[in-house]
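Keep the viewer open and follow the selections in order. Each stop says what to pick and what is found there.

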Amino acid sequence: MLGDGGVVRLGDLLDGLDQLPSDATIFAERPWNFDSSSMVVMEDVDDTQDRGPFSYLLEIDVCAEVVEVWSAWRAGRTPTPEQRCAAIVHYALHDAYEPLAGEA
């Protein structure tokens, strides 16, 4: 289900982030959110490439880094699947880590 070309809900895909190859890339249907259809692509791609209705989101290794930073900025807490997805989508849209609540 999480392999190259299989379609899965973005939140579910990101919940299994640690099981995905670090050199793969995620594509998802916009607007990106927990329920967006998404897929993992194993071949080399660039961030201008789309795959039908699926747009480039981020590489798996970048997603993992976003989750690590989210956790570090929040005293080591583990994000819920919804928080993980929101942090990764925020990074994909803004090229910046999601700020702590109350900070802009």
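Select Asp35, which counts as exposed at 52% relative accessibility; exposed means over 50% relative accessible area, buried under 20%, and partly exposed in between (1.4 Å probe, protein chains only). This is a predicted model, in which local features need pLDDT of at least 70 and side-chain atom pairs count only at pLDDT 80 or more, while totals for chains, interfaces and linings use all residues. Residues are numbered from 1 along each chain as its sequence is written, and side-chain values use heavy atoms, with hydrogens and water left out.

**Stop 1: the salt bridges**

Asp35 lies in the loop between β2 (25-29) and β3, and Arg9 in strand β1 (residues 7-9), so the pair ties together parts that are 26 residues apart in sequence. Helices (H or I, at least four residues) and strands (E, at least two) are DSSP runs, numbered from the N terminus.

Arg9 is partly exposed, at 34% relative accessibility, and Asp12 is partly exposed, at 34%.

Clear the selection and pick Asp15 and Arg84. Their side chains meet in a salt bridge (3.1 Å, N to O). This pair links distant parts of the chain: Asp15 sits in helix α1 (residues 10-15) and Arg84 in helix α3 (residues 81-94), 69 residues apart. Is each partner buried or exposed, or in between? Asp15 is partly exposed, at 43% relative accessibility, whereas Arg84 counts as buried, at 12%. A search of the whole structure finds three salt bridges.

**Stop 2: a contact along the chain**

Thr80 is located in the loop between α2 (60-72) and α3, and it is partly exposed, with 34% relative accessibility.

**Stop 3: the cysteines**

How many disulfides are there? The count is zero, with a disulfide taken as a pair of cysteine sulfur atoms within 2.5 Å. Select Cys63: it is in no disulfide, and the nearest cysteine sulfur, that of Cys85, is 9.4 Å away. Cys63 counts as buried, at 0% relative accessibility. Cys85 is likewise in no disulfide, with the sulfur of Cys63 as its nearest cysteine sulfur, and it counts as buried at 2%.

**Stop 4: the negative patch**

Select Asp23, Asp44, Asp61, Glu65 and Glu68, which form a negative surface patch. Patches are made of residues with over 30% relative accessible area and no salt bridge, with like charges joined within 9 Å and nonpolar side chains (Val, Leu, Ile, Met, Phe, Trp, Tyr) within 5 Å. Asp44 is exposed, with a relative accessible area of 76%.

**Stop 5: backbone angles**

Most residues other than glycine have a negative phi, and most peptide bonds are trans. Select Arg30 and Pro31: a cis peptide bond joins them, with omega about -5°. Pro31 belongs to the loop between β2 and β3.

Next, go to Ala75, a non-glycine residue whose phi is positive, near 55°. Ala75 is in the loop between α2 and α3 and is exposed, with a relative accessible area of 78%. Then pick Asp95, where phi is also positive, near 50°, in a residue other than glycine. Asp95 falls in the segment after α3 and is exposed at 60% relative accessible area.

**Stop 6: the whole chain**

Clear the selection and show the cartoon. The protein has three helices and five strands, which follow the pattern β-α-β-β-β-β-α-α along the sequence. Of its 104 residues, 38% count as buried.

Notes: Accessible areas come from the Shrake-Rupley method with a 1.4 Å probe; for residues, only the protein chains shown count as cover. A salt bridge is a side-chain nitrogen of Lys or Arg within 4 Å of a carboxyl oxygen of Asp or Glu. Lys and Arg count as positive and Asp and Glu as negative; His and the chain ends are not counted. The place of a charge is taken as NZ of Lys, CZ of Arg, CG of Asp or CD of Glu.
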